Number of protein chains: 2
Amino acid sequence: MKSNLTDSGMVQQCGVDYAFKRIGGKYKGRILWHLYSKKVLRYGELRRILPDITTKMLTQTLRELEDDKLVTRKVYHEVPPKVEYAVSETGMELIPFIKHLHVWGNKQLEKEGFPCES
Amino acid sequence: MKSNLTDSGMVQQCGVDYAFKRIGGKYKGRILWHLYSKKVLRYGELRRILPDITTKMLTQTLRELEDDKLVTRKVYHEVPPKVEYAVSETGMELIPFIKHLHVWGNKQLEKEGFPCES
DNA sequence: CTGTATCCCGTGCGATACTG
DNA sequence: CAGTATCGCACGGGATACAG
C-alpha cells in the first residue's frame with residue numbers, strides 16, 4: 001500500500017535522488033535484473049533465484065515495484081494459482097543502467113578475486 | 001572504518017548486488033552526481049548542496065566512498081583547514097549510469113508534475 | 001502455489017554537543 | 001573550516017506461522 005511515488009510531504013532533491021528511491025533497497029536491483037534477463041518469472045521462481053529472500057520481503061518488494069510502475073503482475077485465475085512478473089515499459093528504461101552496474105560490479109568482484117558467474 | 005569492500009562473511013550474489021551496496025544508501029548517489037558535475041567540492045560546499053544532511057552522515061558517507069575508492073580526498077594543511085573531494089577514476093566509470101538515472105529521474109518527476117532543475 | 005499476519009531486532013540515520 | 005562523539009529511535013528487514 002505504501003508507494004514510493006506517492007509519499008508526499010518530503011522534498012524531492014533531484015532526479016538522482018528520486019531514481020535511487022525507486023530502485024534502492026536490498027532486493028530491487030537484483031529482482032529487476034533477473035526479471036529482465038529471464039523476460040518473465042513466477043513468484044516461486046523468484047524465490048529460488050533469490051535464496052536469501054523471505055516471502056514477506058519478496059511480496060513487499062514486488063508490490064512496491066508494481067506500485068511504482070516498474071514491473072507488471074499478471075494473475076492467472078487457476079488452481080493452483082499462477083502469477084507472472086515482468087519488467088514494465090517504464091522499468092525497461094532503467095535496464096541499461098542496471099545492465100552496466102552488473103558489468104561494472106562483476107569487474108570489481110573479479111579485481112578482488114571473487115569471480116561470479118550470473 | 002567500515003568499508004563495504006571488506007565486509008567479508010557474506011555471500012556476494014552478483015554484480016548488481018555488489019554495485020548497489022557501493023552506491024546505495026541515502027546520499028551516495030547525490031554526492032557522486034554533484035561531485036561529478038562540479039568537478040571538485042569542499043566539505044562545506046557539499047553541506048550546502050545537500051541541505052538535509054548532517055555532518056555525521058556527510059563524513060561517514062564520504063569515508064565509505066573513499067574506502068571504496070570511488071572518491072578522492074585531498075587535504076590542504078593550512079589554517080583554516082581545506083579539504084577537497086572529487087570523483088576518482090574508478091568512480092568515473094559509474095558516472096554515465098548515474099547520468100542516465102538523473103535523466104530518467106527528472107523525466108519521471110516531470111511526468112508527475114514536480115519539475116526540477118538540477 | 002502465492003501469498004498474509006505477527007512479532008521482533010539490528011542498524012542506518014537524525015539531533016545535538018563538542019574539538020583541532 | 002572540517003570534522004568527532006554520544007545518544008536515541010524509526011524503520012527496513014528477518015523468522016515464523018498460517019491461509020486461500
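Reply: Happy to. In chain B, strand 1 (residues 41–42) runs antiparallel to strand 3, and two bridges join them. Helices (H or I, at least four residues) and strands (E, at least two) are DSSP runs here, numbered from the N terminus, and two strands pair if DSSP finds at least two bridges between them. This is a predicted model, in which local features need pLDDT of at least 70 and side-chain atom pairs count only at pLDDT 80 or more, while totals for chains, interfaces and linings use all residues. Residues are numbered from 1 along each chain as its sequence is written, chains are lettered from A and ligands numbered from 1 in the order in which they are written, and side-chain values use heavy atoms, with hydrogens and water left out.

Strand 3 (residues 82–87) of chain B is largely enclosed by the rest of the structure, because five of its six residues are buried. Buried means under 20% relative accessible area, exposed over 50%, and partly exposed in between, with a 1.4 Å probe and protein chains only.

The loop between strand 2 and strand 3 of chain B holds B:Pro80, and the peptide bond from B:Val79 to B:Pro80 is cis, with omega near 0 degrees. Chain A has a cis peptide bond between A:Val79 and A:Pro80, where omega is about 0 degrees; A:Pro80 sits in the loop between strand 2 (71–76) and strand 3 (82–87) of chain A. As background, most residues other than glycine have a negative phi, and most peptide bonds are trans.

B:Lys39 is not a glycine, yet its phi is positive, at about 70 degrees. Its place is the loop between helix 2 (28–38) and strand 1 of chain B, and B:Lys39 counts as exposed because its relative accessibility is 60%. In chain A, A:Lys39 follows helix 2 and has a positive phi near 70 degrees. A:Lys39 lies in the loop leading from helix 2 (28–38) to strand 1 (41–42) of chain A, and with 60% relative accessibility A:Lys39 counts as exposed. Helix 2 of chain A itself is mostly covered, with nine of its 11 residues buried; among them are A:Ile31, A:Leu32, A:Trp33 and A:Leu35.

Now for the sheet of chain A. Three strands form an open sheet in the order 1-3-2, with antiparallel pairing. Strand 1 and strand 2 of chain A stand at the edges with a single partner strand each, so one side of each has no neighbour in the sheet. Helix 4 (residues 55–67) of chain A packs on the sheet, touching strand 2 and strand 3, and its direction makes about 115 degrees with that of strand 2. Contact means heavy atoms within 4.5 Å; axes are lines fitted to C-alpha atoms, for helices over the stretch in contact, and angles run from 0 to 180 degrees between N-to-C directions. Two bridges pair strand 1 of chain A with strand 3 in the antiparallel sense, and A:Leu41 has A:Tyr85 as its bridge partner in strand 3.
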